[in-house]
Amino acid sequence: MLRTAAALTHDLKRPRAIIYWVDMLAAAVIGYGALMFAASARTTPVVIAAGIVSVLALYRALSFIHEVSHIKHAALPGFRLIWNIVVGIPMLVPSFMYDGIHNLHHAKSRYGTKDDPEYLSLALMMPSTLLLFILVSAMAPVGVILRFAVLTPLSLLSKRLRLVAIERYSSLTINPSFRRRMPTGDARKLFMQLEAAASVWAIMLLAMVAYGTISLHGFIVGLIIGSSIALLNQVRTLTAHLWENEGEAMSLTAQYLDSVNVPPPTLLPMLWAPVGLRYHALHHLLPSLPYHALGEAHRRLTAALGVGSSYHKANHPGLFGLVSRITRKTRNSDQPR
């Protein structure tokens with residue numbers, strides 16, 4: 001399957017700059033515009049409608065952090081910098097929180113093990129734990145504000161606190177036992193620059209709220225939109241894999257089958273799994289493909305590989321079926337974690 005996939009998609013590896021730039025910038029402009037509209041609107045229905053648009057658009061813009069962690073930056077000069085300026089820093093999710101971390105999830109020897117920062121045996125946990133996994137994400141906006149407005153400056157006064165900030169609060173992970181290492185070389189320099197910029201922005205944001213430059217109502221609306229984005233992403237994460245591995249090393253085929261594609265004809269994944277995330281299993285098979293090529297790659301592989309092949313077994317019909325599946329698994333599990 002891997003050899004066939006590589007042969008059929010060799011011509012799709014080059015990222016198309018115009019698609020990346022227009023998609024990311026348009027999503028950011030729409031998202032911020034809708035956020036400001038929601039923050040200033042006077043009627044509840046308008047606030048809700050504008051808020052939904054803002055959540056979906058900003059979620060799409062934020063999802064480019066996944067592409068930033070994969071693309072060769074020479075192929076898209078300046079994209080990482082502009083993404084951080086336009087999206088990463090304002091949303092307090094700078095690229096270092098994923099870059100250098102997500103690639104560990106793709107390491108064949110780490111996937112699904114205790115050393116995978118993005119894996120938990122969620123399907124083997126208790127239903128209450130699964131619910132907590134989803135709901136705790138709603139605190140993400142408060143968490144990142146505290147991380148950069150409070151923890152960053154305080155950590156400069158204590159080496160021990162600095163170590164905690166780097167190891168435990170500088171990466172987007174779901175594995176609580178994972179500890180990040182401080183990057184080295186140019187990556188360390190970028191880490192420090194982005195962290196400083198995020199810290200300055202977080203402090204300025206709180207100062208503007210305190211002095212009334214940003215209204216308390218507008219700030220609360222922003223927090224609600226941020227929480228909604230985090231909740232949506234957590235539900236999407238819940239459906240990215242089947243989460244049934246118990247920590248053992250897995251074969252490449254097993255890793256693929258533990259991952260999920262939600263291909264057409266269903267259209268809703270374009271909203272809740274944007275920027276190619278609806279093809280998550282295919283992405284694990286061919287992680288170097290740009291997001292805009294995944295749809296064509298899926299069509300080619302679907303035509304070339306038989307219905308009974310392993311490739312087709314990773315395709316699932318939609319969000320509700322996947323959530324129902326993992327819910328049933330947790331209820332039937334006799335190994336609560």
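The legends below describe close-up views of a predicted model. Local features need pLDDT of at least 70, side-chain atom pairs count only at pLDDT 80 or more, and totals for chains, interfaces and linings use all residues. Residues are numbered from 1 along each chain as its sequence is written, and side-chain values use heavy atoms, with hydrogens and water left out.

**View 1. A nonpolar surface patch includes Leu157.** Met139, Val142, Leu146, Val150, Leu154, Leu156 and Leu157 make up the patch, which covers about 700 Å². Patch residues have over 30% relative accessible area and no salt bridge; nonpolar side chains (Val, Leu, Ile, Met, Phe, Trp, Tyr) are joined within 5 Å, like charges within 9 Å. Areas come from the Shrake-Rupley method with a 1.4 Å probe, and for residues only the protein chains shown count as cover. Leu157 sits in the loop between helix H7 (140-155) and helix H8 (159-168). Helices (H or I, at least four residues) are DSSP runs, numbered from the N terminus. The relative accessible area of Leu157 is 73%, so this residue is exposed. Exposed means over 50%, buried under 20%, and partly exposed in between (1.4 Å probe, protein chains only).

**View 2. Lys114 pairs with Asp115.** The two residues form a salt bridge, with the closest N and O atoms 3.5 Å apart. A salt bridge is a side-chain nitrogen of Lys or Arg within 4 Å of a carboxyl oxygen of Asp or Glu. The structure holds 10 salt bridges. Lys114 is exposed, at 64% relative accessible area. Asp115 is partly exposed, at 35%.

**View 3. A salt bridge joins Lys329 and Glu244.** The N to O distance is 3.7 Å. This pair links distant parts of the chain, 85 residues apart. Lys329 belongs to helix H16 (residues 319-332). Glu244 lies in the loop between helix H10 (216-238) and helix H11 (252-257). Lys329 has a relative accessible area of 38%, so it counts as partly exposed. Glu244 is also partly exposed, at 29%.

View 4. Arg300 is partly exposed, with 23% relative accessible area. Glu296 is partly exposed as well, at 28%. The pair belongs to a network of salt bridges that links Asp11, Glu296, Arg299 and Arg300.

How values were computed:
Helix = DSSP H or I, 4+ residues; strand = E, 2+ residues; numbered from the N terminus.
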